[in-house]
Amino acid sequence: MSWENNATARLGTVAEVEAVVGRPASMIMLKQLGALDEGCVDLLARSPIAGFGYRDADGVSRTTFVGGTPGFVRVHSPARISFALCEAADGPASLLFLLPGIGETLRINGVARRGGFDVREVYVHCAQAVLRSGLWQPPGATPSAPEVGDGPLALPGVADFLAASPFLVLSTWDSGGGSDTSPRGDQQAVARIVDGRTLLIADRRGNRRADTLHNLLQDDRLSFAALVPGRTGVLHVRGRAVITVDPGLLEPLSLRGMPPHAALLVDVEDAELSANDAVTRARLWTSAAPAGMPDLMALAGRHLAANPANSGLRGFLLKIASRVPARWMRAAMNVAYRSGLRKEGYEVAELPPLAAAEDPLREVRVAEVRQETASAVTLVLEDDRPFDFRPGQFFTLVADVGGVRVRRPYSASSAPGSSRLEVTIKEVGRFSRHVRTLVAGDRLFVRGPSGAFHAEPGHEVVLLAAGSGMTPMMSIIRTLLAGPGDRVFLLYSNRTAEDTIFAADLARLTERHPDRLGVTHVLTARDGRLDVPRVRTWAAGLPLSSTARFYLCGPEPLMDTARQALDELGVPRDRVHAESYTSASTEAGSPAPQRMLVQRDGQPAGAAVVEPGQTLLDAGLAAGLPMPYSCTVGSCQECVVKLLAGKVSRQEEDGRVLTCTSAPLTDVTLEL
């Protein structure tokens, strides 16, 4: 579409915008705060997700969704917060917080710098955008996408997503260092495709703040992130926009013969559809509204009454109004919302209660990062609840590293049952380097426990480990020695004494339990590598009963050596247990969304859409399907399913598929 067309139908001044939209009532502006109050802090503790508009270090406009669990924002003071992805922003930025099942939103504008976000403006936004979109309603039939020519909107899956998306959050900036992220909702597609590089977004009646329109008069760059109910993908779009009142463009946006008063005509520069970790983990379509959530309209009323500009009679009346029971105010506002929206031609349904879904990720605090060797640290994590697991099992740690969600499995090195969990990590990659930057008070997530490698009390235990393979062995040793009777024998291989993780702890435990713990160190720089005869000789010299159990953990060559030695000694294979430290990478799937059908015992169990960049497992869990899983990184093999139809990126010869590391290449059908 030519941007020279209909130039006279564009709005280019504040006066022209106000002539069409009007001016906001003074009460609308006076409910705005300059910092967080107690009610805002309470809301932030319950909101699992927010739209985040920012500009990166190169000045590129971006909007996405951040969060994933309630309370993902850390409140440092009434004027400063932080959250994952703060470091990606540089300058004016804005947030719009959503709560599942609730119409109103909380908007926070300010400045994002590396490590934090300075709050400048806070206010509650009305529910009209959410109600218009039916965001929390069960998803309806998927409409067909229009024909799209060349351009960013012709990329795989983009047009179909736009045709089904009723809701987006849109970010704009002014020339004075301000940013705004506003919700937009419509009964059908919230952003209509004009051609392969042009979109039309209706601007319908609202509170007349018109922040978006005023910003675009000063800076025409914008970005938005769109949602489709029931899906975990997000469409990220950026471009430039003008404000149009051209009747020819507004008429197709009419509802019951009523066109919007204006629209944004967007020249799209970039469009990208991908899975969004925050949307996936927040379980927006299966999570219940947070229990005990204060009514946001009542919160807005208190903000208004607290504004020092409201003095005299008006201030007195507002303070009286703020004492009106929240349920009365809510009932009145719901009537007003629905009446206004029906006049615009909307079908407005009640907001239904949503089914609760347990989040498999557990947020924990970093209590300490303890140096073990030059290349290994112990990360001490704490929570209000105890960590229950079997000694030898592992947890999957999840953290944002450079704006990317990264997952890595690590065995617990502490004994179970404490409110502190210790995992010992050797520096071998990006995540382990990130761990060294953590300090007490930082937060991350854990999934688990996972894994079938674990020791039980009641018999003698023989441990063979090398390097960081000592981590689960330390948990086993600490657990067994805390109980009565069990004897433990350890053969531990490292290159040098300085490389030996837990050397001091093992020395103390050996001194404290000389009759129950025996430790043999092998330093390969001095003694050479362990071979079959040496392992066989060591094991044969142990005073073992016939019930002794053997546990191996380390590089595959060492475990192969140990297995051969034990075979030669006649140790039954069912008394030998091994842990492998191999994780499979996820191979790229289709660049377009693919549909996944899931069966159990030959009967349909459900369906999900797998977004670009998403695994089969992530899509299934987000859709509430009964997917088997444990580690989520390809180590435990517990997520194996059978591929009945379609193609995936990673498949075994017998048709088995690891859903945690596989992505679809076509629509697929799986048997659990």
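## Burial and basis of the model

A residue is called buried when its relative accessible area is under 20%, exposed when it is over 50% and partly exposed in between, with a 1.4 Å probe and protein chains only. By that criterion F83 is buried, at a relative accessible area of 7%, and F52 is buried too, at 0% relative accessibility.

The model is a predicted one, in which local features need pLDDT of at least 70 and side-chain atom pairs count only at pLDDT 80 or more, while totals for chains, interfaces and linings use all residues. Residues are numbered from 1 along each chain as its sequence is written, and side-chain values use heavy atoms, with hydrogens and water left out.

## Aromatic pairs

Rings of Phe, Tyr and Trp (its six-membered ring) are paired if their centres lie within 6.5 Å, and the planes count as stacked under 30 degrees apart, as edge-to-face over 60 and as tilted for the rest. The count by this rule is eight aromatic pairs. One of them joins F52 and F83 edge-to-face, with 5.0 Å centre to centre and 90° between the planes. Because F52 lies in strand β2 (residues 49-55) and F83 in the loop between β5 (80-82) and β6 (91-98), this pair ties together parts that are 31 residues apart in sequence; strands (E, at least two residues) are DSSP runs numbered from the N terminus.

F83 also forms a tilted pair with F117, at 6.3 Å centre to centre and 45° between the planes. This pair links the loop between β5 and β6 with strand β8 (residues 116-125), where F117 lies, 34 residues apart. F52, Y54, F83 and F117 form one aromatic cluster.

## Charges over rings

A charge sits over a ring if NZ of Lys or CZ of Arg is within 6 Å of the ring centre and within 35 degrees of the ring normal. R209 lies over the face of Y123, at 4.0 Å from the ring centre, and R362 lies over the face of F387, at 4.1 Å from the ring centre.

Conventions: Helix = DSSP H or I, 4+ residues; strand = E, 2+ residues; numbered from the N terminus.
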